[in-house]
Every structure is written in structure tokens, then in C-alpha cells.
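The tour goes from selection to selection.

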Amino acid sequence: NNLSHALMLKEGVEAHVLPTMDRIIDEIKKMATLNAEIPMLSRTHGQPASPTTVGKELANVAYRLERQRNQVASTEFLGKINGAVGNYNAHLVAYPQADWESIARDFVTSFGLDFNPYTTQIEPHDYIAELFSAMGRFNTILLDFDRDIWSYISLGYFKQRTVAGEVGSSTMPHKVNPIDFENSEGNLGVANALAEHLGSKLPVSRWQRDLTDSTVLRNMGLVFGYSMLAYTSVLQGIGKLEVNEAAIAADIDNAWEVLAEPVQTIMRKCGVEEPYEKLKAFTRGQAVTKEMMVQFAEQLEIPQEEKRKLLELEPRTYLGNATQQASKI
């Protein structure tokens with residue numbers, strides 16, 4: 001039955017998993033390019049950090065997902081038909097002149113599978129472990145995306161389009177809960193728990209074969225099923241998202257402390273002593289305003305061109321090449 005397993009997995013991946021992965025990646029890429037120029041406050045350790053754009057953060061996810069999608073697509077689906085312990089023992093007794101390895105190779109590859117010439121009684125399932133490992137990595141990145149979008153919805157960065165007849169809360173009718181991303185996260189967790197066990201168990205079989213793989217193999221479809229449920233949910237969630245530019249702008253326009261980074265960088269460039277320490281004393285833990293940053297920049301003894309550069313800088317313009325990166329994803 002190793003050939004039937006390989007054929008089922010191959011069809012599941014090519015006809016269902018990969019096309020759905022591609023839809024998710026394409027939808028996130030579309031959002032990235034559409035919102036490439038919208039400035040957004042980054043958060044590292046939950047605290048305000050150097051600005052980015054909405055599109056750049058989405059582009060990060062799309063790039064990560066695409067790498068793992070390609071790992072899934074590169075899976076070899078292996079098969080064997082070489083006797084009780086992989087040596088063609090009975091075959092060669094019956095027909096010793098036949099080139100059994102060539103016959104087996106031709107038979108296996110006729111199904112569109114790859115031939116595994118070295119096995120015991122069973123095809124050792126390494127390729128199944130590789131497949132579920134790659135799917136698990138894709139799922140983990142998608143789970144990370146689910147949590148980030150959930151958090152951005154909580155911050156008000158995204159709004160969700162309402163669906164007629166949908167219940168947001170059993171007791172609070174005003175709510176529009178991020179249930180699609182929550183459902184996706186939950187199902188990805190189940191899928192990955194199963195994938196991790198199958199990936200670590202299936203390549204292990206005592207001597208030339210034990211039966212422990214047989215009962216485990218019956219659960220391969222569950223990895224696909226829970227993954228597909230999660231993929232469907234996240235696509236539904238993405239389809240409801242609307243960027244709340246006003247909320248994002250209000251946040252970044254009130255975060256002048258993030259300009260401490262470019263200011264100390266220019267100070268260091270111009271040879272000012274202890275730039276980091278001076279900015280740290282000036283900004284750390286304080287509600288820094290535009291006026292305070294202007295005042296600090298004005299008193300710096302640096303060339304006028306560099307000072308002008310700092311005075312013209314705003315949190316929403318301190319973006320590096322985030323817009324360009326998002327646009328070319």
C-alpha cells in the first residue's frame with residue numbers, strides 16, 4: 001500500500017494544498033502592494049520602534065510563506081515494489097534472469113512517483129516526514145500571521161467588514177470578533193501537532209519492519225483536513241479586512257521618540273561624542289513631542305545640511321525602503 005499512500009498524498013498536495021497555499025500568498029501579496037505606502041509604527045517587544053509600512057509587514061509574511069510553499073512543492077513522492085525485505089528475494093528465485101530493479105523502477109515511475117531503490121519491507125516514509133515538516137513550517141508562519149492580524153485588529157489598525165446574519169457575540173451584538181483568524185489559529189495548532197508526531201514517528205521502524213507505522217498512517221488525512229480548514233478560514237478573514245488609515249496615522253504621528261534612532265545615527269556620523277547615551281537620557285520612557293525633537297536637533301553642533309535633514313524628518317517619513325520592498329513583492 002506504499003504506492004497508494006504516495007498517490008493519495010501527491011494528489012492531496014497538488015490538487016488541494018498547493019492551490020490553496022497559492023491563494024493565500026496571492027491575497028497577502030495583493031494587500032502588501034495595495035498598502036505599500038501606508039506608514040505604520042513598528043513594535044518590538046511590544047514597544048514603539050522604527051516605522052515601517054502596512055504593506056512591508058504583509059510582504060514579509062508572503063515571502064516567508066512562499067519559501068515554505070516551494071518546499072512543499074519540491075517533495076518527492078516515493079514508492080517501492082521490491083519484495084518482503086527490499087531484496088527481490090522471491091522475484092529472483094522465480095525469474096533469476098529478469099532485471100527486477102529496472103522492472104520495479106518502471107512500474108513505480110509509471111504512476112508519476114519517484115522510485116526508492118533502498119528499502120526494508122516498507123518504504124521508510126522519510127518523504128512523508130519531509131512533506132509534513134514543510135507543511136508544518138508553512139502553518140507556523142500562517143499561525144504567526146493570524147496572531148499578528150488579530151493583534152492589529154485589536155489595536156484598530158484593521159476593521160472587519162460585517163457579514164449579514166453573522167453573530168459577533170452571543171451577548172454583545174455590537175462586536176465583530178476576529179473569528180476567522182482564531183479558527184485558523186486553532187486548526188493550524190491541531191494540524192501541526194499531528195504533523196509533528198507523524199514526522200517523528202513514521203521514519204522509525206524496528207529492524208526490517210514493525211506495525212507501528214500502520215495505525216499512524218491512517219491519520220495522514222487529518223493533517224490535510226485541519227490545514228485546509230485553517231486555510232479556508234484565513235482566506236475568509238483576509239477577505240473581510242479593511243485598513244484603518246486614521247487609527248494607524250494617529251498612532252505613528254504620536255510616536256516622535258522613534259526618531260531617536262536617526263538622530264543618534266547622524267550624531268555619530270558627525271563625530272558627536274556619546275550620541276546614544278545623550279538620546280537615551282533625552283527620550284527613554286518619556287512622551288517625546290515634535291517640539292522636543294526639534295529643540296534637541298537645533299542645539300546639535302553638526303553641519304547645517306545634516307541638521308536640515310533631521311529637522312525635516314517625521315515618524316511617517318522615516319521608512320527606509322519599506323515602500324519599495326512592499327511594492328516589488
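**Stop 1: the largest core.** Select Phe132, Met135, Phe145 and Tyr231. In the largest nonpolar core, which has 65 residues, these four touch the most other members. Now colour helix H5, residues 126–155. Helix H5 gives the most to this core, with 13 residues. Bear in mind that this is a predicted model.

**Stop 2: another core.** Next, select Val263, Val272, Leu279 and Phe282. They are among the 18 residues of another core, which lies apart from the largest one.

**Stop 3: aromatic pairs.** How many aromatic pairs does the count come to? It comes to seven. Start with Phe77 and Tyr127. Their ring centres are 6.0 Å apart and their planes stand at 70 degrees, so this pair is edge-to-face. The cut-off for edge-to-face is over 60 degrees. Trace the chain from each ring. Phe77 sits in the loop between helix H2 (54–73) and strand S3 (78–79), while Tyr127 belongs to helix H5. The two are 50 residues apart, and the pair links distant parts of the chain. Buried or exposed: what are Phe77 and Tyr127? Both are buried.

Move on to Phe107 and Phe111. Here the ring centres lie 5.1 Å apart with the planes at 80 degrees, so this pair is edge-to-face. Phe107 has 37% relative accessibility, so it counts as partly exposed. Phe111 has a relative accessible area of 36%, so it is partly exposed.

**Stop 4: an aromatic cluster.** Select Tyr152, Tyr157 and Phe158. Together they form one aromatic cluster.

**Stop 5: Pro178.** Finish at Pro178. Where does Pro178 lie? Look in the loop between strand S5 (158–160) and helix H6 (179–201). Pro178 counts as buried because its relative accessibility is 10%, and the limit for buried is under 20%. Show Trp150, Ile153 and Gln160. Pro178 is in contact with these three, leaving aside its neighbours within four places in sequence. Last, draw a distance from Pro178 to Met8. Their C-alpha atoms are separated by 34 Å, and the two residues are 170 residues apart along the chain.

Technical notes
Residues are numbered from 1 along each chain as its sequence is written. This is a predicted model: local features need pLDDT of at least 70, side-chain atom pairs count only at pLDDT 80 or more; totals for chains, interfaces and linings use all residues. Side-chain values use heavy atoms; hydrogens and water are left out. A nonpolar core is a set of buried Ala, Val, Leu, Ile, Met, Phe, Trp, Tyr and Cys residues joined through side-chain atoms within 4.5 Å. Buried means under 20% relative accessible area, exposed over 50%, partly exposed in between (1.4 Å probe, protein chains only). Helices (H or I, at least four residues) and strands (E, at least two) are DSSP runs, numbered from the N terminus. Rings of Phe, Tyr and Trp (its six-membered ring) pair if their centres lie within 6.5 Å; planes under 30 degrees apart count as stacked, over 60 as edge-to-face and the rest as tilted. Contact means heavy atoms within 4.5 Å.
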